[in-house]
Amino acid sequence: PSTPPSLGLLMLVCAGISVGNSFVTPTLNGLASRSSDDHTQGRVLGLLASAGSLGRFIGPLIAFQVLRFDPAGLYGRTSFRVSAAILLLALFCIAFVTPTQTSAVPEAIPES
């Protein structure tokens, strides 16, 4: 069996993930706010925050279940295969699923 990596390497990887997340989250919030109109902007940003929270809750639960299926000598490979399958599913959705057009939302206060 191979030896686990050092604690310093783990801390370095965690720091990299933290910095990457701190760059991505404001960018996604800005893109979401610019992509929605004034009437739905709060709803869209709330859904984005809810999806992030749900992912931070469900992600570790799924990861635990996935890692249970790894054989002792090949520890950690199943998670990469599952991640690749999820990315392929996302690529399929981006390539072949077209968004539906919705009707415009009427203004809350009509102009006079």
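**Figure 1. Overall architecture of the protein.** From the N terminus on, the elements of the protein follow the order α-α-α. The model shown is predicted. It contains three helices and zero strands. Of the 112 residues of the protein, 7% count as buried. The protein exposes about 9,900 Å², and carbon and sulfur atoms supply 70% of this area.

**Figure 2. A nonpolar patch on the surface, with Val 24 as one of its members.** The patch is formed by Val 19, Phe 23, Val 24, Leu 28 and Leu 31. Together these residues have about 480 Å² of accessible area. Val 24 belongs to helix H1, which covers residues 7–35. The relative accessible area of Val 24 is 42%, so this residue is classed as partly exposed, a class that lies between the limits of 20% for buried and 50% for exposed.

**Figure 3. Helix H3, its span and its exposure.** Helix H3 comprises residues 77–96. At 1.5 Å a residue, the 20 residues of H3 should span 28 Å, and the end C-alpha atoms are 29 Å apart, which agrees with that expectation. The number of buried residues among the 20 of H3 is one; the helix therefore lies largely in the open.

Figure 4. Ser 83 is located in helix H3. With a relative accessible area of 39%, Ser 83 is partly exposed. A separation of 9.9 Å is found between the C-alpha atoms of Ser 83 and Ala 63, two residues that lie 20 residues apart along the chain.

**Figure 5. The aromatic pair of Phe 92 and Phe 96.** The structure holds one aromatic pair. The ring centres of Phe 92 and Phe 96 are 5.1 Å apart and the ring planes stand at 45 degrees, so the pair is tilted. The tilted class applies because planes under 30 degrees apart count as stacked and those over 60 as edge-to-face. Both Phe 92 and Phe 96 lie in helix H3, where they are four residues apart, about one turn of the helix. An α-helix has 3.6 residues a turn, so residues three or four places apart point the same way.

Figure 6. Phe 96, at 62% relative accessibility, counts as exposed, because the exposed class begins over 50%.

Technical notes:
Residues numbered from 1 in each chain as written. Predicted model: local features only at pLDDT ≥ 70, side-chain atom pairs only at ≥ 80, totals over all residues. Heavy atoms only, no water. Patch = residues over 30% accessible without salt bridge, like charges linked within 9 Å, V, L, I, M, F, W, Y side chains within 5 Å. Areas by Shrake-Rupley, 256 points an atom, 1.4 Å probe, with all protein chains shown as cover. Salt bridge = Lys/Arg side-chain N within 4 Å of Asp/Glu carboxyl O. Helix = DSSP H or I, 4+ residues; strand = E, 2+ residues; numbered from the N terminus. Buried < 20%, exposed > 50% of the residue type's maximum accessible area, 1.4 Å probe, protein only. Expected span 1.5 Å × (residues − 1). Phe/Tyr/Trp six-rings, centres within 6.5 Å; stacked < 30°, edge-to-face > 60°.
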